[in-house]
Amino acid sequence: NKCDIGFVGLGVMGKNLVLNLADNGYKIAAFDLDSEKVEAAIEQDVLETNKQTPRVIGCSSYTELLSKLKTPHLIVLSVPAGEVVDQVCQNLIGAGIQPDDIVIDTGNSLWTDTVKRESNYQDNFIFFSSAVSGGEVGARFGPALMPSGSAYAWTRVKPIWSAIAAKVDSVTGKPIERTEPGQIVVDGEPCADYIGPAGSGHYVKMVHNGIEYADMQMICEAYHVLREGLQFSCDDIADIFSQWNEGVLDSYLMGISVEVLRHKDPETGSHLVDLILDQAGQKGTGLWTAVSSLEVGCPAPTISQAVYARSISAFKTLRQQTSKTLSAPHVESYSDTQKQELVSQLHDALYCAKICAYAQGFQLMKLASVEQNWQLNFASIAKIWRSGCIIRAAFLQSITDAFERDDKLENLLLDSFFSEQLSKYQQNWRYAVAKATMMGIPIGAISASLSYYDSMRSAVLPANLLQGQRDYFGAHTFKRVDKPATQKFHVQWTSPGRPIEQV
Ligand code: 6PG
């Protein structure tokens, strides 16, 4: 009569994961420092199932939690990333957790913390991790899961994770809907697969979030051009986005943007989005992605720009001051035909910019995988992201196909499908960026993607001059296009005519 899984942390994500596990037939022993949260989870379980016997058993201590579980114990943590994870691990050690017990961290932990934890706790228990994406609804009805760590632990976790994950149709790649409590989906491919050694799953989730930041920011930039530049109403923009959501831009984030734009404030009757303060929050995963891209030496300018855009938004008072003193461009008025033309150019710009943001994210994971020897499988990662997660989109099937065509693909821009798409739409992308710039509307992420595209397709870049500058002030040497790549040179730049030294 013992429980299958112990669960620590019954916040919104935790409670929904518990109910999802219970729907799939697992009996849960649950603990939270706040006992009201445990009671709320049990109440919701009883309410949803109309059963007197709950599928979730409340516990009031870590010792009680362990005593209620089958052995070896399997414990899932849904607690805030950072110190709390270690506090919970220490409490579990105090309560008598055993070396063959498994603890799964499902929070947005920093991947290097996960690597340390696996080794720090190896004498006490198996520290396994599985990043979760999909917000509260995903947690309840099928998230995307990115497990990593001990391969043995994965053999025990896999059936459970496969059951609770979002599923896609194995032929079409389309998500299989699951929206009702008690409903389960047994067919289809689960959006959960083993990512690799400890830390790799959290790294992949971190990059997922970096791409999420980029995706969200680019949609916001398109909205900004339509709202401020073309003076469209929120409902007009919702109609445009809704149409875009039918084609190549079909995505969860586009869909929720339509709903946010249509939502009315019950008190004032105004569109709520017009009343929301324009200061973005962030918990850190986008920043970690940008930092990692700089450390690994992999360009991810769209993702970094999306993080900067959130930072700039935070300077509300400063922006209010400068808005009174800094000049705006003179803007020509647009006819209805010109407006429609810009709408379709923006659509193509968003699509191309999105391809580049994903190209950056996937190349970053590739370089990190080589550096850490993770052997990541990119087709499998793209498959996991097809449903359940925040960046789920029809587009992820095209990325899956690209990596299935070539599992060694260095960058998505080299894939035949994506390079054709970019060639087809790049001209409109340029018009959109140019027109937004002439209107004085910041379009940093979409234009960072365009610069990335133009840099990546340039056989020649101005780094020749840069190498000259470095050699001028620091004797940093340079290579020559007309000499073997093994040779380095230095010049006395202030003495023209002096022979060039080979160093
Ligand atoms: C997800 C989300 C989720 C969350 C992040 C981002 O995949 O379910 O990415 O993890 O929304 O914490 O939050 P911030 O925008 O606050 O950084």
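The shell around the ligand takes at least three residues from each of domain 1 (5-196) and domain 2 (202-456), with domain bounds coming from an automatic or database domain assignment. Heads-up: this is a predicted model, where local features need pLDDT of at least 70, side-chain atom pairs count only at pLDDT 80 or more, and totals for chains, interfaces and linings use all residues. Numbering starts from 1 along each chain as its sequence is written.

**Ligand shell**

- The ligand is surrounded by 13 residues, and the closest are Ser133, Asn209, Gln282, Lys283 and Ile390. A residue counts as near a molecule or strand if its C-beta atom, placed from the backbone, lies within 6 Å of it.
- By type, the shell holds two nonpolar, nine polar and two charged residues. Here Ala, Val, Leu, Ile, Met, Phe, Trp, Tyr, Cys and Pro are nonpolar, Asp, Glu, Lys and Arg are charged, and the others, Gly among them, are polar.
- Helix 8 (200-229) and helix 11 (285-296) each put at least two residues into that shell. Helices (H or I, at least four residues) and strands (E, at least two) are DSSP runs, numbered from the N terminus.

**Domains and how they meet**

- The domain assignment gives domain 1 (5-196), domain 2 (202-456) and domain 3 (463-502).
- Taken over C-alpha atoms, the centres of domain 1 and domain 2 are 31 Å apart. Their contact takes 27 residues from domain 1 and 24 residues from domain 2, where contact means C-beta atoms, placed from the backbone, within 7 Å.
- On the domain 1 side, at least two residues each come from helix 5 (111-120), strand 6 (126-133), helix 6 (135-141), strand 7 (144-148) and strand 8 (167-168). Strand 6 gives the most to this side, with three residues.
- That side of domain 1 splits into 13 nonpolar, 11 polar and three charged residues.
- An unreviewed UniProt entry places "domain: 6-phosphogluconate dehydrogenase C-terminal" at residues 201-494; such annotations may be inferred rather than shown by experiment, and UniProt positions follow the numbering used here, with feature names shortened. This span is 65% helix and 1% strand, and its end C-alpha atoms lie 53 Å apart.

**Helix 18**

- Helix 18 (residues 444-456) has 13 residues and reaches 18 Å from its first C-alpha to its last, close to the 18 Å expected at 1.5 Å a residue. The expected span is 1.5 Å times one less than the number of residues.
- Its buried residues are Ala445, Ile446, Ser447, Ala448, Ser449, Leu450, Tyr452 and Tyr453. Buried means 20 or more other C-beta atoms within 10 Å of a residue's own, exposed means 12 or fewer, and partly exposed is in between, with C-beta atoms placed from the backbone.
- Those buried residues pack against helix 8, helix 12 (301-314), helix 14 (336-372) and helix 17 (416-439).

- Most residues other than glycine have a negative phi, and most peptide bonds are trans.
- The Thr71 to Pro72 peptide bond is cis, with omega near -10 degrees. Pro72 sits in the loop between helix 3 (62-67) and strand 4 (74-77).
- Gln231 is not a glycine, yet has a positive phi of about 60 degrees. Gln231 lies in the loop between helix 8 and helix 9, and is exposed because 11 other C-beta atoms lie within 10 Å.
- Asn373 also isn't glycine and has a positive phi, near 55 degrees. Asn373 is in the loop between helix 14 and helix 15 (378-384), and is exposed, with 9 other C-beta atoms within 10 Å.

Definitions and conventions: Two residues are in contact if their C-beta atoms, placed from the backbone, lie within 7 Å.
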